[in-house]
Amino acid sequence: MDVATGQDEQQRNDGDAQMSRFTRPEQTFPALTSAEIERMRNFGEVRTYADGEFLFETGKPGPGMFVVLKGHVAITQRDGLGNVTPLIDQGPGQFLAELSQLSGRPALVDGRAEGEVETLLLPPPRLRALLVAEAELGERIMRALILRRVNLLQAGVGGVVLIGPSHSAGVVRLQGFLTRNGQPHHLLDPERDRDAAEVIARYSPKPEDWPLVVAASGEVLRNPSETEVARAIGMIGGPRNDRIYDVAIVGCGPAGLATAVYAASEGLSVAVLDTRAFGGQAGASARIENYLGFPTGISGLALTARAFNQAQKFGADIMIPVTVKSLDCTRRDGAFAVTLDGSDPLRSRAVVVASGARYRRPEIQNLDKFEGRGVWYWASPVEARLCAGEEVALVGAGNSAGQAAVFLSGHARKVLMIIRGGGLGASMSRYLIERIEATPNIELMFNTEITALEGDEASLLRRIRWKSRLSSDEDSADIKNLFLFVGADPATSWLDGCGVTLDRGGFVVTGAQSELNQGKLVAPLETSVPGVYAVGDVRSGSVKRVGGAIGEGAQVVASLHGYLGDAAKPAL
């Protein structure tokens, strides 16, 4: 065997070893045919790179998707501590991109030329055009982009570094935020990791500084807010002063995402704003089993992540996390103005209110002291890790409570389900009731309510107290984790002063239900302010189900077309 043949064989063996580390490698890194590349030339431009030159870098906005025409590109993952992990080498016929490139967000990996490289570069708008115009090829590319993000999340070596005790409130808070937004990250516990110990020795954090967060740029943040982390990793884009969108959607839950997908796919310019993460309350559901088309069930995060990716595919601008402060309905220049915290106002011709609801806080002594320190309002794998082998308590009797109880029962030793009423039938789906009754480590306590919480010197929850509503009996138990699913209040305070009618509970009144709309021909989802619509849980009279929210999000797009079309007609 000659030297050249031996080198070729070694390269093939190295490539096979690299591919074997990925989920569904053939779909994650498909090879393009010459004919496919020729069709893609209409959407891109040729770019060349010298040996060692970066095509894209971690933490910097990616220019789009590259198709390798000549040469090879090394893809590596890098974190803020300088650790570099080789991922894969890509050669002729391969394309370089993941979900970030759909919207020009910062890259999550490095791509460096090995020797001289010639590529075809498709900027984000042209990449999205390709995905729509070339259906079969677009499907293969979109699947690869999603699988590449999945592999980055599963690798657990790149992205943001969190440094702190794994059970600390700050760590749990930021892990939940990054997980819900599909951002790669990993945790270093200072008690077990040398790299963490070195950073701690350098920055000497105080207890209130936990966790330290190290961005890819090397910037170190001390116990940052979610917005500060988002800004450090480039999640926040913000509106451009000179742009007026067709529609601004406030809320990125199922209703808002459905509106975004259908509106953007039909050619409307769309902005979606949310204060924390895509998915809303549904995104925190461990498993949804009664949603049409998923007979084996699907997690809320998986369902809403698919919609999130669809919305980006069709060009919706999704801005997370941004806090909407108010809505200016005066339309001085023909557009609404959505006032944002720490950013310029966003302007749009129409507005869809999909802001959902905020978790209700029951009257429990010391509740505020232990929120994020043993008291949780959702049950994700992050919280489940804290409950392994322990007894936990859960308050609630609706579907969200039932789904959480079943999910937690697979991690906790025992789930104490505390219900204020005398049964579950009035507020929970039958299939969930049967599942709960068949789960041996779920104990039901009816006609009971929690009265007080107790903790330790570090302000961590350690004990709960409850009483019977039918007698004077009181009791307590050593519980470190309490989950509250007692309903939610509408997130509508940002509508104050805009003229949008609310019902007694604070939900948005739409259609003929509004006194201001009586005698008028208005769309069923239109509010008392023309051009402002409401969908999903925030709407008065909605069914408060994922399927209903998605249906309303799709339905409102027809009304948007009608309103925008009428607004564009010249006055007679």
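Trainee: Which residue does a disulfide join to C329?

Mentor: This is a predicted model, where local features need pLDDT of at least 70 and side-chain atom pairs count only at pLDDT 80 or more, while totals for chains, interfaces and linings use all residues. Residues are numbered from 1 along each chain as its sequence is written, and side-chain values use heavy atoms, with hydrogens and water left out. A disulfide is a pair of cysteine sulfur atoms within 2.5 Å. With S to S at 1.6 Å, the disulfide joins C329 to C498.

Trainee: How many residues apart are C329 and C498?

Mentor: Helices (H or I, at least four residues) and strands (E, at least two) are DSSP runs, numbered from the N terminus. C329 lies in the loop between β14 (324–328) and β15 (336–340), and C498 in the loop between β26 (488–490) and β27 (532–534). The pair links distant parts of the chain, and the separation is 169 residues.

Trainee: Does C498 count as buried or exposed?

Mentor: Buried means under 20% relative accessible area, exposed over 50%, and partly exposed in between, with a 1.4 Å probe and protein chains only. C329 has 15% relative accessibility, so C329 is buried. At 9% relative accessibility, C498 also counts as buried.

Trainee: Which residue has a side chain in polar contact with that of S476?

Mentor: S476 sits in strand β24 (residues 474–477), and its 16% relative accessibility makes it buried. Beyond its neighbours within four places in sequence, S476 is in contact (heavy atoms within 4.5 Å) with R463, I464, R465 and W466. A polar contact is a pair of N or O atoms within 3.5 Å; within protein, one must be able to donate a hydrogen and the other to accept it, and residues adjacent in sequence count only if both atoms are side-chain atoms. At 2.6 Å, the side-chain partner of S476 is R463.

Trainee: What is the orientation of α9 relative to α10?

Mentor: Axes are lines fitted to C-alpha atoms, for helices over the stretch in contact, and angles run from 0 to 180 degrees between N-to-C directions. Helix α9 (residues 254–265) and helix α10 (residues 300–313) pack at about 30°, with axes 9 Å apart. Angles under 35 degrees count as roughly parallel, over 145 as roughly antiparallel, 65 to 115 as roughly perpendicular and the rest as oblique. The orientation of α9 to α10 is therefore roughly parallel.

Trainee: Which term describes how α4 and α5 lie to each other?

Mentor: Helix α4 (residues 124–133) and helix α5 (residues 135–155) pack at an angle of about 120°, with their axes 6 Å apart. L130, L131, V132 and A133 of α4 make the contact with A135, L137, G138, I141 and M142 of α5. The relation between α4 and α5 is therefore oblique.

Trainee: What distance separates the C-alpha atoms of G80 and V213?

Mentor: G80 is in the loop between β3 (65–78) and β4, and at 19% relative accessibility it counts as buried. Leaving aside neighbours within four places in sequence, its contacts include G159, V161 and V214. G80 and V213 are 133 residues apart along the chain, and their C-alpha atoms are separated by 9.1 Å.
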